[in-house]
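Morning, everyone. I'd like to take a few minutes on one structure. Have a look at it first.

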Amino acid sequence: MASGLQIQGDESVLLRVTHSNLKSFSADIRFSLQMTVESVKEKLWRKCGTSVNSMGLQLYDDTNTKISDLTDNSRPFGFYSPLDGYRLHVIDLDPSSVTSGGWLEDTSLVEKYSISEEAYEKRDGTFRKFKGKLTSQNPSTPGNKLGDRCEVEPGEKRGTVKFVGLAENLAPGNWVGVQYDEPLGKHDGMVKGVRYFDCPPLHGAMVRPDKVKVGNYPERDPFEVDEI
């Protein structure tokens with residue numbers, strides 16, 4: 001057992017996180033030792049999409065030996081004596097979870113809307129023509145490109161541009177698909193049966209270009225306040 005001294009103050013550890021269903025998911029995440037196990041699960045839900053109630057956690061040391069199962073949500077994380085470099089393994093216990101079956105990772109499992117370059121060029125009102133017109137009117141206005149960091153109003157929600165253009169099953173006009181850093185969206189990039197991009201559940205949104213600001217918008221640490 002960890003001694004009480006291990007969870008005094010604002011001590012934290014940097015752990016590698018893996019997931020039972022998402023084989024390509026691996027992230028280095030810092031956790032406060034004062035957080036409860038339930039708070040750890042809430043933080044991980046924002047990263048991988050597995051719900052708190054369906055999440056099991058296992059702690060492995062730097063030799064990949066299992067140290068313990070984190071079964072008590074009310075205990076402080078430091079009780080389990082995690083150290084920098086240990087691995088925290090997420091187990092999704094929900095057989096119908098959105099993370100199961102591989103479709104969040106294997107994009108070949110879903111049908112995607114596509115259009116040829118020639119057909120796209122012939123269309124009026126495309127995002128490419130809209131961006132060209134906007135740039136000619138205001139050369140300093142940045143265009144939205146795939147992979148750009150952005151901020152979306154209202155709410156100053158931050159994320160990454162994942163799609164630009166017309167959306168066949170949405171209202172006419174140009175749309176920008178955004179993957180939010182936190183689960184502030186409405187979907188995983190699929191809207192009304194059409195997949196426009198891929199992202200974790202509840203991280204995706206389709207918004208109008210005038211709601212998107214592109215620039216230097218780094219990801220916020222959602223638990224910064226918790227560690228003050």
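This is a predicted model: local features need pLDDT of at least 70, side-chain atom pairs count only at pLDDT 80 or more; totals for chains, interfaces and linings use all residues.

I'll go through the sheet, then the aromatic pairs, then the charges over rings.

Now look at β1, residues 12-19. It pairs with β5 in the parallel sense, over four bridges. Across that pairing, T18 stands opposite H89 in β5.

On to the rings. The count comes to three aromatic pairs. I'll show two of them.

Take F31 and F77. Their ring centres are 5.7 Å apart. Edge-to-face starts over 60 degrees, and these planes are at 65°, so the pair is edge-to-face. Where do the two residues lie? F31 is in strand β2, residues 26-32. F77 is in the loop between β4 (66-69) and β5 (87-92). So this pair ties together parts that are 46 residues apart in sequence. Buried or exposed? Both F31 and F77 are buried.

Next, F79 and Y80. This aromatic pair is edge-to-face too, with 85° between the planes. Centre to centre, the distance is 5.1 Å. F79 and Y80 are both buried.

Last, the charges. K43 puts its charged end over the ring of F31, 5.2 Å from the centre. R75 lies over the face of F79, at 3.9 Å from the ring centre.

That's my tour. Questions welcome.

Conventions:
Residues are numbered from 1 along each chain as its sequence is written. Side-chain values use heavy atoms; hydrogens and water are left out. Rings of Phe, Tyr and Trp (its six-membered ring) pair if their centres lie within 6.5 Å; planes under 30 degrees apart count as stacked, over 60 as edge-to-face and the rest as tilted. Buried means under 20% relative accessible area, exposed over 50%, partly exposed in between (1.4 Å probe, protein chains only). A charge sits over a ring if NZ of Lys or CZ of Arg is within 6 Å of the ring centre and within 35 degrees of the ring normal. Two strands pair if DSSP finds at least two bridges between them.
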